[in-house]
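Look at the model first, then read on.

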Amino acid sequence: MAHIHEKIDFTVAIFVVHDAKVLVIHHRKLDKWLPLGGHIELDEDPEQAALREAKEESGLDAELIGERPPTTSPGTRALIAPRFLDIHRISDTHEHIGMIYWARTRNPADLQRAEAEHHDIRWCSVADLDTLQPPMSDAVKWYCRKAIEEVSALR
């Protein structure tokens with residue numbers, strides 16, 4: 001999706017964990033190993049964007065992990081909060097505010113690569129993260145490890 005605003009956009013990153021492994025993609029355009037994710041579109045909230053991106057990029061039905069506060073009332077819908085937030089520079093004039101979610105899936109066998117967007121898609125253990133080529137950034141690796149640790153502890 002194209003940028004919605006010239007200076008800043010909101011994005012989601014979804015770290016899906018299954019059997020102590022995290023799902024990562026080798027992004028075709030960026031030539032980087034990343035989690036599933038992308039821009040939040042104007043007609044969706046962050047949860048909807050995260051679930052849509054997970055399905056589009058992997059074929060998986062994701063379940064976001066987190067607490068939904070009981071504050072829903074007419075005109076208000078409580079959302080699952082992201083586990084982390086960040087802001088990252090895309091260019092000299094553009095930034096993304098990233099909402100970082102943990103998720104799991106009940107249908108890991110349905111995994112499919114979005115061929116137009118990714119060179120590869122795979123489940124990685126903590127040890128596998130250090131063997132990826134090109135090497136994964138330290139920041140993304142930290143999130144992967146943290147997601148594996150926290151989601152695996154929920155059993």
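Which helices and strands each supply at least two residues of the lining of the largest pocket? They are β1 (8–18), β2 (21–27), β3 (32–34), β4 (36–39), α1 (46–58), β6 (84–91), β7 (94–105) and α2 (138–152). Helices (H or I, at least four residues) and strands (E, at least two) are DSSP runs, numbered from the N terminus.

## About the model

This is a predicted model: local features need pLDDT of at least 70, side-chain atom pairs count only at pLDDT 80 or more, and totals for chains, interfaces and linings use all residues. Residues are numbered from 1 along each chain as its sequence is written, and side-chain values use heavy atoms, with hydrogens and water left out.

## The largest pocket

The volume of the largest pocket is about 1,200 Å³. Its lining counts 39 residues. H27, L30, L34, H88 and H96 lie nearest the centre.

A pocket is an open set of points on a 1 Å grid over the protein atoms alone, where a 1.4 Å probe fits, with protein on both sides within 12 Å along at least five of seven lines; lining residues have an atom within 4 Å of a point. Grid points are joined across faces, edges and corners, and a volume is the space filled by probe spheres set on the points.

By class, the lining holds 18 nonpolar, 10 polar and 11 charged residues. Ala, Val, Leu, Ile, Met, Phe, Trp, Tyr, Cys and Pro count as nonpolar; Asp, Glu, Lys and Arg are charged; the others, Gly among them, are polar.

## The second largest pocket

The second largest pocket holds about 170 Å³ of space. β1, β7 and α2 each give at least two residues to its lining. Among the lining residues are V17, H18, D19, R104, T105, V151 and S152.

## The β6–β7 hairpin

β6 and β7 pair in the antiparallel sense, over seven bridges. Strands pair if DSSP finds at least two bridges between them. Two residues link β6 to β7 in a hairpin. R89 stands opposite E95 in β7.

## Cysteines

The disulfide count is zero, where a disulfide is a pair of cysteine sulfur atoms within 2.5 Å.

C124 is buried, at 1% relative accessibility. C144 is buried too, at 0%. Buried means under 20% relative accessible area (1.4 Å probe, protein chains only).

Notes. Buried means under 20% relative accessible area, exposed over 50%, partly exposed in between (1.4 Å probe, protein chains only).
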